[in-house]
Amino acid sequence: MTPGRIYLAGLAGAGMVAALCALVVGGTAERAIWLALGAALAVQGPMGWWLVRSIGRPEMVTVWTMGMLARLGTLALVGLLLLPALHLPLAPGLLALAALLVALLGVEIFAVWTRTRTGRE
């Protein structure tokens, strides 16, 4: 399996787990989790794909650094602006967002590890 397919499968899997959690929780926490899911996929999806495509290239560390800054910026934007503006609870929204970003970081790491271990594009 290629790193790109591993990344897409992990992205879909993390999204499905978050969607299931949102459906189980219900109420305003459900809306906060859906917002977190949308923010994580909107930011992490393209950034992670960019990283996977840069495996083995000199700019990989720069891409990874930009991805980390994007993750921190997303947490700040959602926590300081979006959740309060929409009157959604901070704890479930930020917890879901942080968990999703860490899970997707793990998917990136696994995709990079697979590529470096096997040498497959």
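At 6% relative accessibility, does Val52 count as buried or exposed? Val52 counts as buried, because its relative accessibility is 6% (buried means under 20% relative accessible area, exposed over 50%, partly exposed in between, with a 1.4 Å probe and protein chains only).

Before the tour, some conventions. This is a predicted model, in which local features need pLDDT of at least 70 and side-chain atom pairs count only at pLDDT 80 or more, while totals for chains, interfaces and linings use all residues. Residues are numbered from 1 along each chain as its sequence is written, and side-chain values use heavy atoms, with hydrogens and water left out.

**Stop 1: Val52**

Select Val52, which lies in helix α2 (helices are DSSP runs of H or I, at least four residues, numbered from the N terminus). Leaving aside residues up to four places away in sequence, Val52 touches Pro3, Gly4, Tyr7 and Ala111 (contact means heavy atoms within 4.5 Å).

**Stop 2: helix α1**

Select residues 3–25, helix α1. The helix has 23 residues and reaches 33 Å from first C-alpha to last, close to the 33 Å expected (1.5 Å times one less than the number of residues). Its buried residues are Pro3, Gly4, Ile6, Tyr7, Gly10, Leu11, Ala14, Gly15, Ala18, Ala19 and Ala22. Then step to Gly26, which follows α1 and has a positive phi near 75 degrees.

**Stop 3: α1 against α2**

Show both helices. The axes of α1 and α2 come within 9 Å and cross at roughly 175 degrees (axes are lines fitted to C-alpha atoms over the stretch in contact, and angles run from 0 to 180 degrees between N-to-C directions). The two are therefore roughly antiparallel (angles over 145 degrees). Residues to pick in this contact include Tyr7, Leu11 and Ala18 of α1 and Ile33, Leu37 and Trp49 of α2. The contact divides into 17 nonpolar, six polar and one charged residues (Ala, Val, Leu, Ile, Met, Phe, Trp, Tyr, Cys and Pro count as nonpolar, Asp, Glu, Lys and Arg as charged, and the others, Gly among them, as polar).

**Stop 4: α2 against α3**

Select residues 27–53 (α2) and 60–85 (α3), which pack at about 165 degrees with axes 10 Å apart. This pair is therefore also roughly antiparallel. Among the contact residues are Leu35, Val43 and Trp50 of α2 and Trp64, Arg71 and Val78 of α3. By class there are 15 nonpolar, three polar and one charged residues.

Note on methods
Angles under 35 degrees count as roughly parallel, over 145 as roughly antiparallel, 65 to 115 as roughly perpendicular and the rest as oblique.
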